[in-house]
Amino acid sequence: MRIRIVDAFTDRPFPGNPAGVVLLDAFPADDRLQRIALEVNHAETAFAHRLPEGGDADWALRWFTPATEVALCGHATLATAHVLHTTGAHQGPVRFATRSGVLSATPAEDGSITLDFPTAPLTSIEIPDGLAEALGAEPLTAFDTGPDIGDLVVELADEKTVVGLAPDLRALGAASERGIIATARAQDPSGGYDFVSRCFFPNIGIDEDPVTGSAHTALAPYWSERLGGTVLTGLQASPRSGRVRTELRGGRTLLTGRAVTVLDGELLA
């Protein structure tokens, strides 16, 4: 079983978000997939196998954190599309059958890949008790992102506050089903990005995710409404950092980024 480690939402090794990518003939038992994901020990490991021709999708795709299977993952989908394209396993746009429906990934001549994901529905909620203390900052707003994402989006006062967060992760886990997406508008839009974010998912075994594609299906509609544009760029200000270009198309959100394969090995167990 061949395992590749791919840094997603970056054009060079070591920034961005690393994901394991495993191409299979068929999915083995779930517990084996989970054990492999724990061994890889990145935020997500993607498992994919080819589907018969003539259907709605080309490949089946699943994502596992070290602790659990998730319904949607952007960076591991980007990483999988990158592996398929660079190895010749699939040419041109690819359609993935997933728990979140059919998702497509389209490579461009410049090396970037655009994902077509469902836009997360945002519902304004009261700021949960204890969230400010857990984050170490006072939220201005809080929005639920619906069952497929399962996070809370909270806007903070400014970019500096987001970058400086040092949350109490144990306390933060009680505030949402999956995690917290903390965001603010860019301090200087001439810097090449429109908003910043950081993502904390202690409930699924990820203290801080370096660059989260699925979070941008919620951040895109949130900031498009506030900034008045459908095409925006988000900077995820984790220590590794990465940028995601977003384009809001109603019920769909396009996420564009690059990826780099940094490791290629074989599972011997």
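## Ser238 and its surroundings

A side-chain polar atom of Ser238 sits 3.0 Å from the backbone nitrogen of Ser241. Ser238 belongs to the loop between strand 15 (231–236) and strand 16; helices (H or I, at least four residues) and strands (E, at least two) are DSSP runs, numbered from the N terminus. With a relative accessible area of 8%, Ser238 is buried (under 20%; exposed is over 50%, partly exposed in between; 1.4 Å probe, protein chains only). Setting aside residues up to four places away in sequence, Ser238 touches Arg198, Glu208, Asp209 and Pro210, where contact means heavy atoms within 4.5 Å.

This is a predicted model, in which local features need pLDDT of at least 70 and side-chain atom pairs count only at pLDDT 80 or more, while totals for chains, interfaces and linings use all residues. Residues are numbered from 1 along each chain as its sequence is written, and side-chain values use heavy atoms, with hydrogens and water left out.

Ser214 is in the loop between strand 14 (206–209) and helix 6 (216–227). Is Ser214 buried or exposed? Ser214 is buried, at a relative accessible area of 2%. Its side chain makes a polar contact of 3.3 Å with that of Arg178 (a pair of N or O atoms within 3.5 Å; within protein, one must be able to donate a hydrogen and the other to accept it, and residues adjacent in sequence count only if both atoms are side-chain atoms). Beyond its neighbours within four places in sequence, Ser214 is in contact with Leu72, Gly74, Ile149 and Arg178.

Strand 14 pairs with strand 13 (residues 195–201) in the antiparallel sense, over 2 bridges; a pair needs at least two bridges found by DSSP. Phe201 has Ile206 in strand 14 as its bridge partner. The two strands form a hairpin with 4 residues between them, and Gly205 in the turn has a positive phi of about 85°.

## Enclosed cavities

The structure holds 2 cavities of 30 Å³ or more. On a 1 Å grid over the protein atoms alone, a cavity is a set of points where a 1.4 Å probe fits but cannot get out, and a pocket is an open set with protein on both sides within 12 Å along at least five of seven lines; lining residues have an atom within 4 Å of a point. Grid points are joined across faces, edges and corners, and a volume is the space filled by probe spheres set on the points.

The largest cavity holds about 60 Å³. Of its 14 lining residues, Glu44, Arg178, Asp209, Thr212 and Ser214 lie nearest the centre. Helix 2 (74–87) and strand 14 each supply at least two of the lining residues. The second largest cavity has a volume of about 40 Å³, and its lining divides into 6 nonpolar, 4 polar and no charged residues (Ala, Val, Leu, Ile, Met, Phe, Trp, Tyr, Cys and Pro count as nonpolar, Asp, Glu, Lys and Arg as charged, and the others, Gly among them, as polar).

Among the 14 residues that line the largest pocket, Phe9, Thr10, Asp11, Gly242 and Arg243 are closest to its centre. Strand 16 (242–249) gives the largest share of this lining, 4 residues.

For the second largest pocket, the volume is about 150 Å³. Its 13 lining residues include Val70, Ala71, Ile149, Glu177 and Arg178, the closest to its centre.
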